[in-house]
Amino acid sequence: MLIGELAERAGTSARTLRYYEEHGLVEPRRDRNGYRRYDEGELRVVHEIRALLAAGFGLDDIRPFVACLRAGNVAGHVCPDSVAVLRRKLAEVEECLDQLAAVRDQLRGQLAQAIEERETRCLKIR
């Protein structure tokens with residue numbers, strides 16, 4: 001298929017596909033006239049790329065998943081290098097959640113203190 005058809009079927013733009021190609025994630029063949037041609041396997045690769053980007057992965061993190069698919073695996077996450085990236089990403093997400101939980105606890109404490117001080121002032125006024 002040509003780049004426009006792949007873009008339409010993948011729900012992206014031709015420009016995005018060229019960007020993925022520049023980063024070595026998508027591999028088209030070239031016709032004699034220079035047109036890019038993609039096989040069905042590239043559609044799977046583009047879907048994998050888009051899903052991983054949506055989950056917060058960077059292009060460098062995505063490379064092992066694409067390599068895993070290109071090696072003939074049914075999914076990009078089953079290879080050891082992909083598993084290592086998943087573990088690292090999960091650790092990053094858990095660290096962010098811990099930081100957010102600490103901020104939430106601080107805000108709860110400040111809110112509780114503000115409410116208590118307000119109620120105390122209101123009681124003194126009465």
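Predicted model: local features only at pLDDT ≥ 70, side-chain atom pairs only at ≥ 80, totals over all residues.
Which elements cover the buried residues of helix 4?

1. As for the opening question, the cover over the buried residues of helix 4 includes helix 2, helix 3 and helix 5 (80-125).

2. Staying with helix 4, the buried residues are Leu59, Asp61, Ile62, Pro64, Phe65, Val66, Cys68 and Leu69. Helix 4 is built from twelve residues, and its first and last C-alpha atoms lie 16 Å apart, close to the 16 Å expected at 1.5 Å a residue. After helix 4 comes Gly72, which has a positive phi, near 95°.

3. Next, have a look at the largest nonpolar core, which holds 22 residues. Those that touch the most other members are Leu6, Leu17, Tyr20, Leu25, Val46, Ile49 and Ile62. Two or more residues of this core come from each of helix 1, helix 2 (14-22), helix 3 and helix 4 (59-70).

4. Leaving aside residues up to four places away in sequence, Ile49 touches Tyr20, Leu25, Val26, Ile62 and Val66. Of these contacts, Ile62 and Val66 are also listed among the buried residues of helix 4.

5. Now for the charged side chains. Side chains of opposite charge can pair when their charged atoms come close. How many salt bridges does a search of the whole structure find? The count is twelve.

6. Arg9 is a friendly place to begin with them. Its side chain forms a salt bridge with that of Glu5, at 3.8 Å from N to O. Both Arg9 and Glu5 sit in helix 1 (residues 3-10), four residues apart, which is about one turn of the helix. Is Arg9 buried or partly exposed? Arg9 counts as partly exposed because its relative accessibility is 38%, and Glu5 is likewise partly exposed, at 41%.

7. Arg9 has another partner: the side chain of Glu40 meets that of Arg9 in a salt bridge of 2.8 Å, N to O. This pair links distant parts of the chain, with Glu40 in helix 3 (residues 40-54) and Arg9 in helix 1, 31 residues apart. Glu40 has a relative accessibility of 47%, so it counts as partly exposed.

8. Two further places are worth a visit. Glu21 and Arg30 join their side chains in a salt bridge of 3.6 Å, N to O, and Arg30 is partly exposed at 47% relative accessibility.

Conventions:
Residues numbered from 1 in each chain as written. Heavy atoms only, no water. Salt bridge = Lys/Arg side-chain N within 4 Å of Asp/Glu carboxyl O. Buried < 20%, exposed > 50% of the residue type's maximum accessible area, 1.4 Å probe, protein only. Core = buried A, V, L, I, M, F, W, Y, C linked by side-chain atoms within 4.5 Å. Contact = heavy atoms within 4.5 Å. Expected span 1.5 Å × (residues − 1).
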